[in-house]
Amino acid sequence: MRQKFHIDFIKKSKIFFAISLGIMFVCLMLNIFLIPTRVDIQFTGGTIVKYSYSGDLTEKQITDVAQGATKDTISFTFAENLASSDSNSHMVSLEFTNAKAITVDEQDEVTKAFADAYPDNNFKVEESSSVDASKGANFFFKCIAAVILAAVLIIGYVAIRFKKIGGMSAGVMAVIALIHDLIIVYFVFAMFNMSLDDNFIAVVLMILGYSVNDTIVIYDRIRENRKKMGPKATTAEVSNASINQCLTRTICTTVTTMAAIGSVLVVSLIYNIDSIISFALPMMVGLVSGCYSSICIAVPLWVMWKNHSDKKKLEKEKAKKSAAAEKKAEKNTKKSEQKKTADVKSEKKTAEKLSLKKEEVSEEKSADEPVKETDADPEEKDSQEEDSAEE
Amino acid sequence: MKRVGKWVFFVVFILILFLTYTSVFGIYGENGDYKITYIKGIEDIRWGIDIKGGVEAVFAPADGVDANDEQMNAVKSIIDLRLVNQNVTDYELYPDFSNDRITVRFPWKSDEENYDPGEAIKELASTAQMVFRGGSNQDGEELLTGKDVKRAYVSTIETSNGNHSIVVNLEFTDEGKTKFSEATKKYLNQTISIWMDDTCISAPTVNSEITDGSCYIEGGSGDGGFTAEDATALANKINAGALPFNLKIESYGTISPSLGTYALTAMGIASVAALCFIFLFMIIMYRLPGFVAFIALLGQLSVSIMAVSGYFSVFASFTMTIPGIAGMILSIGMGVDANIITAERIKDELWTGKTLDGCIAKGTKSSLSAIIDGNITIIIVAVILILVFGPANIFSSLFGVSTTGLIYAFGYTLLVGVIANFIMGVFASRLMLRSVSGLKFLRNRRLYGGKKKS
């Protein structure tokens, strides 16, 4: 099969793990000690009002008036008003930090206070939102339930799908990669000081659906190549070849998807529209992470797991084999004569391949059962396998 | 491989161009000064409040009162009535009966310079003032108030000529019973009008003195009397006036029209930029299949836009928001995945040295499962997004309606995008590719990413 790239992803896997864990650790530390996570009023309840005004006012002039008009504590954010054609137009965002919705009346008082104090500055409510705390909590639980439901459905789909292509172990690794991506998305929100809101839930759900897709495509290739490349190839070799063959597709798809969401991000950055930035930026990082985690996390982890479990199996088989060999010597059947038995005991590599083939057989028989140790003669099985492979 | 006629490509191509043009620009006719819409274009899309500016509010009974369905309908009808009185016609109203919530969304009236959305919300939530007055004028004597009415409901009675007619029954409280019997005595054969806030909702004539604390209102003087709808509406309104609880504003949000228009411009630029980039990328990477992919992509986009605007003037437009547009752009980016997978497979096959037709057949066949894989998970997610952020549905009966409905459109466009992708990116583009490969001058293997034929 045509293969443009020849990168040994499996060998370099430790570097990838280190990068991922490193980023997560640094973000976690920053998150704990420097940049606390902000939760939007959609979940906590509260009120945010954005005013636009023209002309020059100092920040203190504004904060004093607003704070004078209400008993709540207000936190202020100042910005330029790019939406206005007037170049001297500004925005101020008032967040009433009490975790309860303020009434329309209270909000009106602040608006009136601005109008009274600075009649020439044309204060206008551009955006306001106010959420009752209990409603926010409700919405939060609804979102959590949705994410859990989505996760269950996706994992269910992965389970069904992976029965065929890599067994349960591959499915588990795909889910680990998924969790990796979600953590990254969370840290994007935390590190850029964007508050967790409905955008966050939308991005999390989107990544849940998108990320597992790449992983499935690669495992599908692994299954295909396992047959093509023959028993001599190790798990690592097969996996590497599969990743490299899929790489063009993975990159191209990621590029087009990124181009789409990237243009949204760039434009929203130029236009400075917060609500779109906090959607596009984490989405973009999540897409990259989804692509990266399939290649650099899910598959290498699976190879490690596979090698580890094969080793264990090998030891069990060795014990059985010695018992079987005694039996066989007595029976001296035709089949065992034809078989080459010598190298089985000696080399680890051969044993690895042997057990791999075995797994394929058992998977064909009953996909949902994990690899079973049967009492049948392993060599006999091996030969059967080879027979069927020749067909 | 089954041959596909050469003409197929041109038919599909022209069809897609037609769909793209009409879904974007629409088809309009003129009838004097009156504009007739045959096909709806982008400008007929109903924009959400985050784009054209507007108000969103969620109302609930105050003090944790548990309202029954009848009372919730009453709340709904009073809000309906008040919105119409405020001259707001393009509103959305979602009652949630299981949680006793009502979500209202309506656009900010941009022509009003000093429109105060806060005031509008307050007005919607204020306690309904229902008064029964003598005569048909608002300055008539005040006879009864909402407090005196127990409930109103719809039923049918048999009229003197044997027909059935729909009526609105009223039941009064004990106090109301006395007041009403006095009133009907005084205004016998005259009109008693029922006023909600400043609107007269009914002005029946008293036919007899009513002393038992219940009466019914017969529909107007016309032949049919009330229609079932009219009767229900009136009963709801009267119930609203008799509501035993106040409404509280649970959450509200406003966005000014200027911010929204600004955001829409930005998203427009973003979608054009994304399309251009993907076009160049696909042509450079995949040549002929890339070009076909882009045509299919245009088709996908137009199907998505059609699903939002309604396309034919009989279908209502979906309410489109900024995240909805983002979803559309995102599904463009993801949509070409189907073409990329197929084109890659075809390239792979070409490398093995098979015939061009064989390669295309094999490539399209072997890529289908991967394409389906990619889309199923997106469908799962899109459906859940619709459930979480959408108006009242199964999910919201458990957890209440959402504080914001903006993301709803994201789920919708994502789902529509996937379906459109199957129609265009998978089906139509395969058809086109097979057809176009039958054209002699396009049979060069290099056009498909293969080596020059040796």
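Q: What makes residues 356-391 of chain A a stretch to read with caution in this predicted model?
A: In this predicted model, pLDDT stays under 50 over residues 356-391 of chain A, although the model has 31 contacts for them beyond four places in sequence.

Q: How do you know which helix of chain A has the lowest mean pLDDT, and which the highest?
A: Among the elements of chain A, the lowest mean pLDDT, 41, belongs to helix α13 (residues 378-390), and the highest, 92, to helix α1 (residues 13-33). Residues 341-354 of chain A also have pLDDT below 50, with 17 contacts beyond near neighbours in sequence. For chain A as a whole the mean is 79, and 80% of its residues reach 70 or more.

Q: What percentage of the residues of chain A count as buried?
A: A residue is called buried if 20 or more other C-beta atoms lie within 10 Å of its own, and 41% of the 391 residues of chain A count as such.

Q: How do you know how many residues of domain 2 of chain B are in contact with domain 3 of chain B?
A: Contact requires C-beta atoms within 7 Å, and 9 residues of domain 2 of chain B are in contact with 7 residues of domain 3 of chain B. The touching side of domain 2 has 4 nonpolar, 4 polar and 1 charged residues.

Note on methods. Residues numbered from 1 in each chain as written. Chains lettered and ligands numbered in written order. Predicted model: local features only at pLDDT ≥ 70, side-chain atom pairs only at ≥ 80, totals over all residues. Buried ≥ 20, exposed ≤ 12 C-beta atoms within 10 Å, placed from the backbone. Contact = placed C-beta atoms within 7 Å. Nonpolar A, V, L, I, M, F, W, Y, C, P; charged D, E, K, R; others polar. pLDDT = per-residue confidence, 0-100. Helix = DSSP H or I, 4+ residues; strand = E, 2+ residues; numbered from the N terminus.
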